[in-house]
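Q: Hi! I'm new to this one, could you walk me through it?

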Amino acid sequence: DGCIKALGQADVIRNQFSEATFERIIDCSGKCVLPGLVDAHTHPVWAGDRVHEFAMKLAGASYMEIHQAGGGIHFTVEHTQKATEDELFTSFQHRLERMLRAGSTLVECKSGYGLDLETELKMLRVIERAKKSMDIGISSTYCGAHAVPKGKTATEATDDIINNHLPKLKELKLSGEIHVNNIDVFCEKGVFDLESTRRILQAGKDIGLQINFHGDELHPMRSAELGAELGARAISHLEEVSDEGIMAMARAKCAAVLLPTTAYMLRLKQPQARKMLEEGVIVALGSDFNPNAYCFSMPMVMHLACVNMKMSMNEALAAATINAAYALGKSDTHGSLEVGKQGDLLIINSSRWEHLIYQFGGHEALVNYVIVKGKVVYENERCETMSSY
């Protein structure tokens with residue numbers, strides 16, 4: 001059934017299964033077995049990369065300056081609206097395969113580059129297709145409130161989402177066509193304010209979606225306090241979170257999904273991972289893969305979390321496995337090696353698991369096998385011919 005049947009000392013396992021026959025046995029001598037990595041925040045369905053904006057950012061343009069000049073999210077929205085469903089699916093499939101090869105076995109995938117109902121549904125259908133046809137696990141998120149569409153005010157966009165988008169999602173869920181797990185809003189100054197965010201998140205919660213949204217990234221918005229009050233499962237970014245917001249999230253058991261790639265690429269203030277951990281917040285990690293932060297690799301995310309956010313390697317591993325699974329409402333089935341949980345594993349070509357974080361960008365010769373539901377979905381031939389050191 002794709003679940004873990006037993007784990008323990010080798011001789012105990014051998015005795016327990018002495019009568020059993022196996023389709024395949026993998027010799028992990030000198031290697032490490034880890035839970036499959038969980039990427040708790042990605043935007044992987046889009047057309048139109050923004051490599052030209054990377055140069056603008058390096059020259060000193062801020063995220064909001066690029067956004068206001070018609071770049072950023074709006075640039076990607078235009079390209080995504082024009083792309084066919086098949087084109088979007090093909091590029092999405094390649095991105096998921098790259099995530100899988102870097103060790104991710106469960107990935108949160110957002111819509112949000114449509115902003116109109118038709119394109120948002122096109123993106124969600126693409127995500128649904130991947131859920132059915134690919135080995136990697138997917139938690140899907142409706143993020144229609146990713147930006148205010150051109151020609152609309154934030155209030156008009158909010159009304160459109162509540163009156164048109166969400167009822168349609170509910171209808172498609174009931175007919176079994178699209179199963180969305182989470183609702184997301186970009187709660188930010190100049191995008192969706194606290195009141196609009198509250199209305200959208202509450203309306204999403206009312207149709208059975210988990211609240212999992214962008215908050216307190218560029219300006220302090222009191223997003224964390226709002227999330228705790230609404231019973232949010234997780235809030236992402238939080239570079240500008242208040243001390244009260246941190247306390248409220250800890251009390252509400254609302255996970256903080258920290259995105260070290262974003263703070264690094266946009267040269268933002270680093271999220272306060274240490275303070276969150278000390279206050280008892282459940283800290284998770286995500287790659288924030290999108291045209292603005294083009295990173296597929298959770299091992300690199302963990303490395304950045306340790307170096308820039310001062311997390312320990314143990315904390316980073318927990319944040320990229322069990323805590324990231326918790327942020328997606330999946331910690332009862334994913335994120336750790338326990339009997340009865342889904343058999344999602346990573347085997348690395350090293351006798352010490354820390355190499356997964358220590359080797360910055362080294363996962364291509366380190367990730368030996370990726371296993372999803374007990375099935376080998378990626379085997380890296382390179383690992384057989386080279387030592388990991």
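A: Happy to; we'll talk about a hairpin and some salt bridges.

A: This is a predicted model, where local features need pLDDT of at least 70, side-chain atom pairs count only at pLDDT 80 or more, and totals for chains, interfaces and linings use all residues. Residues are numbered from 1 along each chain as its sequence is written, and side-chain values use heavy atoms, with hydrogens and water left out.

Q: Great. In which sense do strand 11 and strand 12 pair?

A: Antiparallel: strand 11 (residues 367–372) and strand 12 (residues 375–379) are joined over four bridges. Strands here are DSSP runs of E with at least two residues, helices are runs of H or I with at least four, and both are numbered from the N terminus. Two strands count as paired if DSSP finds at least two bridges between them.

Q: What is the bridge partner of V372?

A: That's K375, in strand 12. The hairpin has two residues between the strands, and K373 takes a positive phi near 50 degrees there.

Q: Switching topic, how many salt bridges are there?

A: The count comes to 22. The rule asks for a side-chain nitrogen of Lys or Arg within 4 Å of a carboxyl oxygen of Asp or Glu.

Q: Why would such side chains pair at all?

A: Side chains of opposite charge can pair when their charged atoms come close.

Q: Which residue forms a salt bridge with K375?

A: D135 does, with the closest N and O atoms 3.0 Å apart. The pair links distant parts of the chain, 240 residues apart: D135 is in the loop between helix 6 (117–133) and strand 4 (137–145), while K375 is in strand 12.

Q: Where do R274 and E315 lie?

A: The side chains of R274 and E315 meet in a salt bridge of 2.9 Å, N to O. R274 is in helix 12 (residues 273–279) and E315 in helix 14 (residues 313–319), so parts 41 residues apart in sequence are tied together.
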